[in-house]
Amino acid sequence: MASDDTKTSATPSVLDKSYEPAQVEARWYAYWEQNGMFVAEPTSPQPSYSIVIPPPNVTGQLHIGHALDNTLQDILCRFKRMRGHAVLWMPGTDHAGIATQNVVERHLAGEGLTRHDLGREKFIERVWQWRQEYGGKIINQLKRLGASCDWSRERFTMDEGLSRAVREVFVRLYEEGLIYRGDYIINWCPRCHTALSDLESEHEEVQGGLYYIRYPFKNGQGHLTVATTRPETMLGDTAVAINPEDPRYKNLADDTLVLPLLGRELPIIRDAYVSLEFGTGALKVTPAHDPHDFDLGRTHNLPAIRVMDDSGRINELGGPYAGLDRFEARKRVVADLEAQGLLEKHEVHMHAVGHCYRCKTMVEPILSQQWFVKVGPLAAEALKAVQEGRTRIVPEMWTKTYYEWMTNIRDWCISRQIWWGHRIPAWYCGCGEVIVSRATPTACPACGGTELQQETDVLDTWFSSALWPFSTMGWPDQTPELKKFYPTSCLVTGFDILFFWVARMMMMGIKFMGQVPFKDVCIHALVRDASGQKMSKSKGNVMDPLIIMDQYGTDAFRYTLAAFAAQGRDIKMSEERIAGYRNFVNKIWNAARFTLMNLQGDMAAGAGLPPTLEDRWILSRVNRTASEVAAAIEDYRFNDAASALYQFTWHEFCDWYLELVKAPLYNHDDPARQAAARRTLGEVFSRLVRLLHPLMPFVTEELWQRLPGAAGSVMQAQWPVGTPAEVDPQAEAQMELLMAVIGAVRNIRGEMGISPGQALPVVLMPHEDSARQVLESQAPRLTVLAKALSLEWAAEGQPPAQAASAAVAGVTVYVPLAGLVDFAAEVARLDKEIAKLQKEITPSRNKLANQGFLAKAPSEVVEKEKAKVAEIASKMERLAASRQRMQEFL
């Protein structure tokens with residue numbers, strides 16, 4: 001809580017004419033941090049609310065996805081603090097094994113060195129040194145965004161406490177038989193020289209070939225034709241498989257084939273796995289280079305011949321192709337098959353091929369000895385937790401995807417052949433014993449030998465990340481943080497790591513804590529460019545959040561992200577939209593200048609006065625808005641919260657209330673009514689600042705500090721609680737009528753091209769007594785806001801002559817136009833305008849009628865053309881309607 005002295009010294013009494021975000025943002029973030037306002041108290045009696053940040057890579061720089069993710073988390077945390085919760089937002093960074101090692105290796109390359117020149121220990125020292133110098137960059141960028149994390153608890157996946165948790169989990173799983181070491185087909189990156197999990201192998205559609213190869217029968221009586229996309233792997237074939245139900249292969253000439261090029265004998269095996277539709281129905285089986293073939297090999301006891309080394313080159317088992325790169329080997333193999341008359345045909349073939357998520361190199365499935373987690377039992381519990389509603393996924397559409405993945409999950413390869421990361425706590429003795437231990441062993445328990453070698457592999461980065469919700473709170477110790485804040489309340493993350501991370505946290509949290517790690521998982525969509533394209537450096541459409549925040553201010557940027565964060569729909573981001581919300585921030589600032597100038601003076605007088613219609617209405621509307629915004633944030637409908645606030649702030653508070661309240665504020669002859677207006681204005685603006693705070697933390701803190709009577713930080717102020725007595729449907733209905741009538745007069749003025757400054761005669765024809773009573777009681781306000789020269793009443797069925805009209809609920813509004821508009825000249829002007837638009841719309845309509853254009857043009861170009869036509873057509877309709885009205889007056 002800020003003292004009054006701190007508040008006064010930080011905040012001059014008069015608002016500057018314009019809002020300058022840079023100085024305001026730096027000042028208030030420092031103030032929040034220095035006063036410990038982000039710090040969570042595990043001993044607090046308040047209900048808990050906790051979120052763990054998806055830890056950004058230590059190599060990372062704030063990108064648009066981080067900005068969205070952390071803006072939404074910050075909205076939730078600030079909102080919950082104001083609602084009286086003890087909030088823990090746990091921050092930290094991920095050591096990002098492959099990514100960080102690659103960065104440091106590039107630095108070394110600049111010095112003419114490799115990691116092997118340094119050796120493992122010295123290289124690890126260099127990585128830690130790099131982390132100390134550069135690793136905190138993204139943390140400062142998150143602060144720039146306004147993230148209200150408890151920085152006193154910042155964690156790193158390689159820090160001492162988390163490393164202890166990682167080792168404890170590994171040992172326990174090993175002791176229970178849920179971690180094992182074995183031969184398995186893994187995804188191998190020949191560039192990074194490491195195994196990749198299925199999720200780290202990103203599949204992309206590529207144009208390849210389908211090669212039809214003749215495998216001769218051993219007895220020389222014909223051949224079987226096999227179709228493959230990877231002919232170089234045939235060097236490792238140990239069988240050919242057919243489906244026992246395939247009628248094409250009921251009466252084969254022989255049960256043994258000869259492998260082309262190498263001459264090895266291959267048995268023909270029968271298995272229902274083989275597709276009857278793909279290729280020829282005969283499948284080459286290469287157990288060391290394909291996961292499905294590996295399973296077939298196990299079933300039929302086939303040998304596994306690995307013909308490729310870790311760099312993607314053919315090894316000595318590849319015969320004459322030894323030493324060739326895999327793609328060069330493919331060319332040579334195909335050429336040799338063709339020369340021997342064994343290549344039947346070659347077709348262009350589109351297929352999905354795995355690529356390394358980090359370096360984009362084409363992944364090679366190879367047989368390797370690795371460490372694995374047996375995920376079946378863990379996945380079953382994680383699946384059940386969501387099915388039973390212990391964890392809810394929002395939006396619900398992702399639940400089905402989660403179910404599908406968890407029911408079709410393979411064992412998780414957790415070993416990586418790199419140096420940076422959690423080294424696997426396993427040691428090997430010359431006697432063959434494998435020792436897995438929490439502490440470094442000094443002797444082999446089997447033979448007593450002391451020559452022990454630790455496993456050189458490190459754990460997959462996602463292994464330590466899977467423990468994040470409980471390891472960051474001090475597990476395996478039983479800490480006050482775990483007792484208060486676990487399970488966490490919500491995880492906010494992108495759909496792209498739903499399986500990388502979320503599913504694994506579910507498995508580990510349930511296994512080691514006995515509870516789900518989070519009650520809700522809020523999945524947000526991607527931020528794309530204005531055309532809906534994915535942002536990428538190669539396309540040149542990347543938005544740098546730091547530049548955006550410098551240019552438009554952090555609050556405008558955050559509000560834009562929230563305003564477009566509709567569940568299940570990607571965000572189309574453009575600078576024009578951010579500029580629009582910068583205008584919104586400026587609108588709030590200007591409203592604050594007006595408010596603060598008018599809060600000076602007596603606010604106590606007139607306490608017993610009955611409230612005016614506008615006061616009853618604005619108090620009712622701010623009540624409803626507070627409830628709507630709270631419900632939207634609770635349901636993760638951030639866009640609905642932003643929309644409700646925008647509508648209330650701009651279109652109700654600024655456009656209407658501030659105009660209506662000017663009359664009593666400026667009436668110095670009625671000090672009691674003036675004071676009553678000040679009280680309501682001050683109260684509503686105080687609530688508005690608090691409602692806006694979770695989305696716009698900086699400008700709201702600046703304004704809160706200027707409000708008379710406001711104490712401490714707006715972060716610690718109470719969220720406006722709905723007051724049922726203030727909800728006034730009658731006042732809302734009456735104001736809706738008043739605003740509709742004034743709006744109708746303004747619309748007529750615009751449609752008829754009458755100057756905004758010209759006063760107009762207004763005639764009202766009420767159709768209900770209640771409407772007339774309301775409008776008569778509000779006649780002074782109506783006259784001022786509609787800029788009415790006169791206000792008259794017409795009897796039912798007796799409209800004034802030559803008058804434009806508009807129907808609103810319970811009343812018809814007329815504006816007599818005689819003497820105001822030259823009807824003939826206006827018809828001529830409208831004809832010209834319509835003709836101009838017709839000329840403009842014709843080429844676009846012709847394009848859309850052209851089937852060639854529709855077939856060849858990119859979809860975004862077609863959609864842009866359709867939008868252009870729709871916009872022009874809408875303008876033409878409005879002009880035609882205006883012309884029709886003018887014609888009627890001639």
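Me: A charge sits over a ring if NZ of Lys or CZ of Arg is within 6 Å of the ring centre and within 35 degrees of the ring normal. Which ring does lysine 143 lie over?

Reply: Lysine 143 lies over the face of tryptophan 151, 5.3 Å from the ring centre. The model is predicted, so local features need pLDDT of at least 70 and side-chain atom pairs count only at pLDDT 80 or more, while totals for chains, interfaces and linings use all residues. Residues are numbered from 1 along each chain as its sequence is written, and side-chain values use heavy atoms, with hydrogens and water left out.

Me: And arginine 131, which ring does that one lie over?

Reply: Arginine 131 is placed over the face of phenylalanine 156, at 3.9 Å from the ring centre.

Me: Changing topic: how many aromatic pairs does the structure hold?

Reply: There are 34 aromatic pairs, a pair being Phe, Tyr or Trp rings (six-membered ring for Trp) with centres within 6.5 Å; planes under 30 degrees apart count as stacked, over 60 as edge-to-face and the rest as tilted. One of them joins tyrosine 559 and tyrosine 581, whose ring centres are 5.3 Å apart and whose planes meet at 40 degrees, so the pair is tilted.

Me: Where do tyrosine 559 and tyrosine 581 lie?

Reply: Tyrosine 559 is in helix α18 (residues 554-563) and tyrosine 581 in helix α19 (residues 575-597), so the pair ties together parts 22 residues apart in sequence. Helices (H or I, at least four residues) and strands (E, at least two) are DSSP runs numbered from the N terminus.

Me: Is tyrosine 559 buried or exposed?

Reply: Tyrosine 559 counts as buried, at 0% relative accessibility. Buried means under 20% relative accessible area, exposed over 50%, and partly exposed in between (1.4 Å probe, protein chains only). Tyrosine 581 is also buried, at 16%.

Me: Which other tyrosine does tyrosine 581 pair with?

Reply: Tyrosine 581 forms an edge-to-face pair with tyrosine 646, at 5.8 Å centre to centre and 75 degrees between the planes. Tyrosine 646 lies in helix α21 (residues 638-660), so this pair ties together parts 65 residues apart in sequence. At 24% relative accessibility, tyrosine 646 counts as partly exposed.

Me: Which residues make up the aromatic cluster there?

Reply: Tyr559, Phe564, Tyr581, Phe584, Tyr646 and Trp650 form one aromatic cluster. Leaving aside residues up to four places away in sequence, tyrosine 581 touches Ala556, Tyr559, Thr560, Ala563, Phe564 and Tyr646, where contact means heavy atoms within 4.5 Å.

Me: Now helix α4: what covers its buried residues?

Reply: The cover includes α5 (115-118), α6 (120-134), β6 (194-196) and α13 (461-465). Among the buried residues of α4 are Ile98, Val103, Val104 and Leu108. Just after α4, glycine 112 takes a positive phi of about 75 degrees.

Me: Finally, what is the strand order in the open sheet of 3 strands?

Reply: The order is β19-β18-β20, with antiparallel pairing; two strands pair if DSSP finds at least two bridges between them. The edge strands are β19 (434-436) and β20 (452-454), each pairing on one side only.

Me: How many bridges join β18 to β19?

Reply: Strand β18 (residues 426-429) and β19 are joined by 3 bridges and run antiparallel. Tyrosine 428 stands opposite valine 434 in β19.
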